[in-house]
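Work through these exercises with the model open. Each task is followed by a stepwise solution.

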Amino acid sequence: MTFASLGLIDPLLRALDALGYQTPTPVQTQAIPAVLAGRDLMAAAQTGTGKTAGFALPLLQRLTLEGPQVASNSVRALVLVPTRELAEQVHESFRQYGQFLPLRTYAVYGGVSINPQMMKLRKGVDLLVATPGRLLDLHRQNAVKFGQVQALVLDEADRMLDLGFAEELRGLYAALPKRRQTLLFSATFSEPIRLLAGQMLDEPLSIEVSPRNVAAGSVEQRVIPVDKKRKSELFLHLLRERRWGQVLVFAKTRKGVDQLCETLEAEGVSVDGIHGDKPQATRLRALERFKAREVQVLVATDVAARGLDIDDLPLVVNLDLPINAEDYVHRIGRTGRAGAKGKAVSLVCADEVQLLAAIEVLIRQTLRRDEEPGFEPDHRVPQTDASGQILKKPKKPKKPKTTGAKAALGRWVESEAPARPQVKAVRKVPSFNTGPRKKKP
Ligand code: AMP
């Protein structure tokens, strides 16, 4: 699949080439032709899936090929986002993708002076990225008119409702032309989002690119910080100490799979491994034996594990974190299925801090860390959080002269901030109002 085969015009293809995008992501493959054809869209897609280009590219194309020139104080396409950071980020994407197109784009949001924004809007802009509150202000002051709006995007719709923008969205909805294309993107589809979609979309195409259970909350997730070289030893220790039953273990490399298998075998654990080097028949047999509970531990790489259909697994262990944060979601989705409670334990070393941060951003949750006594790492894993921030690596504590190293390490217990819930509680109300207003951008 190429971007050209999706029907994109040359100036967009050149921009993508300059950015080094070679193949469309799954959300792009599905969204681009549908949006070009003028359909409404309801997409379950999170940050990191390439969703921005999924709506930006076809919108830029439609704005270039169709419709009248933009009038003063008018806009032809609107992209609503929950925060000013996202407004800047999304606008930057539009600028990059549209660098060879003769279109005017702009971003407006609250918390900064409104006057320069009013000035900029005077000439009219083809595409405006906006937070709902500021957009409504601008509209009420006649700085922006909606008569020419032919397309509306609601990006991160769930966050907009979480942030208390329901009222503004209602106000904007009332002011927008009824005939328009609407695209709604949301990580979760709670009742209020469905209600919003029901009101705003017209026979939308539904697309979903990340498993629903990322937000199901039925999987208890833990990180255990450990030094890289002690991962196998820690796994064996946990298997015994915690009397784990059947476990599906993910390792990054084929070598990693083989090494863990050898270590476990030597200790008398019934284990099998699957990775891309093994013939398909061997992989299938390993899987069948695991499903039949003839082996306790199955160690796999992501490639080999794709499409594995194993239900009712109580536990998934990440011996290594995946390079691709989305794979984490696929991995932990092997447990906690069909309403059952599952556990996912990740053994994380200092080298993997970037991967951990990327996962936490994707799942919008700071993973709880539990140190295992006796396995506290010498190389500390810097603190991370769901904003993607990595706090400076803490200095290793100096060893006290009179006590042992273990006592010193004991002071360095990782923070155990409770995990933030992934799906925010929503009140069931007859409109898409989700409750108390929180801080706005
Ligand atoms: P998004 O999910 O829209 O926030 O995009 C996530 C990241 O993926 C951004 O840094 C994009 O620049 C990048 N990206 C989006 N689509 C592609 C693609 N087809 N090939 C390579 N990178 C991409």
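A crossing is left-handed if the near helix is turned anticlockwise from the far one by less than a right angle, and right-handed if clockwise. Helices (H or I, at least four residues) and strands (E, at least two) are DSSP runs, numbered from the N terminus. The model is predicted: local features need pLDDT of at least 70, side-chain atom pairs count only at pLDDT 80 or more, and totals for chains, interfaces and linings use all residues. Residues are numbered from 1 along each chain as its sequence is written, and side-chain values use heavy atoms, with hydrogens and water left out.

**Exercise 1.** Describe how helix 14 and helix 15 cross.

Step 1. Find helix 14 at residues 325–332 and helix 15 at residues 353–363. Their axes (lines fitted to C-alpha atoms, for helices over the stretch in contact) give angles from 0 to 180 degrees between N-to-C directions. The axes come within 8 Å and cross at roughly 70°.

Step 2. Classify the angle. Under 35 degrees counts as roughly parallel, over 145 as roughly antiparallel, 65 to 115 as roughly perpendicular and the rest as oblique. Helix 14 and helix 15 are therefore roughly perpendicular.

Step 3. Assign the hand: this crossing is right-handed.

Step 4. List the contact (heavy atoms within 4.5 Å). Helix 14 supplies A325, E326, Y328 and V329; helix 15 supplies A358, I359, L362 and I363.

Step 5. Sort by class. Ala, Val, Leu, Ile, Met, Phe, Trp, Tyr, Cys and Pro count as nonpolar, Asp, Glu, Lys and Arg as charged, and the others, Gly among them, as polar. The contact of helix 14 with helix 15 has 7 nonpolar, no polar and 1 charged residues.

**Exercise 2.** Repeat the analysis for helix 3 and helix 4.

Step 1. The axes of helix 3 and helix 4 (residues 84–97) come within 10 Å, crossing at roughly 50°. That makes helix 3 oblique to helix 4.

Step 2. The crossing is right-handed.

Step 3. From helix 3, T52, A53, F55, A56, L57 and L60 meet V90, S93, F94 and Y97 of helix 4. This contact counts 8 nonpolar, 2 polar and no charged residues.

**Exercise 3.** Which hand does the crossing of helix 6 and helix 8 have?

Step 1. Helix 6 (residues 132–140) packs on helix 8 (residues 166–175) at about 45°, with the axes 9 Å apart. Helix 6 is thus oblique to helix 8.

Step 2. Helix 6 passes helix 8 in a left-handed crossing.

Step 3. P132, G133, L135, L136 and H139 of helix 6 contact E168, L169, G171, L172 and A175 of helix 8. These divide into 6 nonpolar, 3 polar and 1 charged.
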